[in-house]
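Please keep the sequence and the model open while reading.

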Amino acid sequence: MKPREKDFSHEDDTAPVEMLLALFEARGWPCEMVSDDEMSGEVQGSWANYQLRAIWRAQDRVLQLLCLPDIRVTADKKPQAFELLGLINEQMWLGHFDIWSNGDVLLYRHGVLLGDEGTLSLAQAQALVECAIDECDRFYPAFQFVLWGDRTPRAALEAAMVDAAGEA
């Protein structure tokens, strides 16, 4: 962890990547600044450790949050995985799942268009991170069922949704 130079405790909003870094540090989650516009951290979810990356595009005022549950999709499972992605993404209001072509890594991606100021509040930062973790936790079993349990995408999603409903 790099030491922080700025105290955000007295500000409502701040630069998005810096606010996310402050949130991670406050929760004791491992994190680091990758560059002025990018941070990386790790969070323990219900099913796995998730790597979170935040990338700020100042010219567009867009913050992109990626959550990677460390699942790689093998070539023989790609058709089923893409079918499952389509079924899952229909269920989502915010963000979406995708398979990154570079390394065939599963990821959750959410882009946030921030206002003219390009700042992020602590409440927004918390909501973004919690949403990413919740969605990865919610659908992690479905990916497991397809990639390692040889279930059909529809059966995997149905089983995961029943399991999730039973845990609430």
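## Overall make-up

The protein has 168 residues, and 43% of them count as buried. Buried means under 20% relative accessible area, exposed means over 50%, and partly exposed lies in between (1.4 Å probe, protein chains only). This is a predicted model: local features need pLDDT of at least 70, side-chain atom pairs count only at pLDDT 80 or more, and totals for chains, interfaces and linings use all residues. Residues are numbered from 1 along each chain as its sequence is written, and side-chain values use heavy atoms, with hydrogens and water left out.

The accessible surface comes to about 9200 Å². Carbon and sulfur atoms hold 48% of that surface. The areas come from the Shrake-Rupley method with a 1.4 Å probe; for residues, only the protein chains shown count as cover. Contacts (heavy atoms within 4.5 Å) reach along the chain. Among those with a separation of 6 or more, 52% join residues 24 or more positions apart.

## Secondary structure

There are 4 helices and 8 strands. Both are DSSP runs, numbered from the N terminus: helices are H or I with at least four residues, strands are E with at least two. In sequence order the pattern reads β-α-β-β-β-β-α-β-β-β-α-α.

## The sheet

An open sheet is built from 6 strands. Their order is S2-S3-S4-S5-S7-S6, and the pairing is antiparallel. Two strands pair if DSSP finds at least two bridges between them. S2 (31-35) and S6 are the edge strands; each has a single partner, so one side of each is left without a neighbour in the sheet. On average, neighbouring strands are turned by 25° against each other, direction ignored. Axes are lines fitted to C-alpha atoms, for helices over the stretch in contact, and angles run from 0 to 180 degrees between N-to-C directions.

S4 (residues 49-57) is paired with two strands. A hairpin with 4 residues links S3 to S4.

Which residues stand opposite each other? Glu 38 has Ile 55 in S4 as its bridge partner. Arg 53 stands opposite Leu 66 in S5, and Gln 51 stands opposite Leu 68 in S5.

## Faces and packed helices

In a regular strand the side chains alternate between the two faces of the sheet. S4 has a covered face with Tyr 50, Leu 52, Ala 54 and Trp 56. Its uncovered face holds Asn 49, Gln 51, Arg 53, Ile 55 and Arg 57.

- H2 touches S6 and S7, and its direction makes about 160° with that of S6.
- H3 touches S3 (38-44), S4, S5, S6 and S7, and its direction makes about 150° with that of S7.

## Salt bridges

The structure holds 7 salt bridges. The term means a side-chain nitrogen of Lys or Arg within 4 Å of a carboxyl oxygen of Asp or Glu. In one of them, Lys 78 and Asp 104 bring N and O atoms to 2.7 Å. Lys 78 lies in H2 (residues 78-91) and Asp 104 in the loop between S6 (96-100) and S7 (105-113), so the pair ties together parts 26 residues apart in sequence. Lys 78 is partly exposed at 25%, and Asp 104 is partly exposed at 23%.

Asp 98 and Arg 109 form another salt bridge, at 3.9 Å from N to O. Asp 98 is in S6 and Arg 109 in S7, so this pair ties together parts 11 residues apart in sequence. Asp 98 is partly exposed at 25%, and Arg 109 is partly exposed at 26%.

Glu 135 and Arg 138 also form a salt bridge, with the closest N and O atoms 3.1 Å apart. Both lie in H3 (residues 122-147), 3 residues apart, about one turn of the helix. Glu 135 is buried at 11%, whereas Arg 138 is partly exposed at 27%.

## Cysteines

How many disulfides does the structure hold? It holds 0. A disulfide needs two cysteine sulfur atoms within 2.5 Å. For Cys 67, the closest cysteine sulfur is in Cys 136, at 3.5 Å, too far for a bond. Cys 67 is buried at 0% relative accessible area. Cys 31 is buried too, at 7%.
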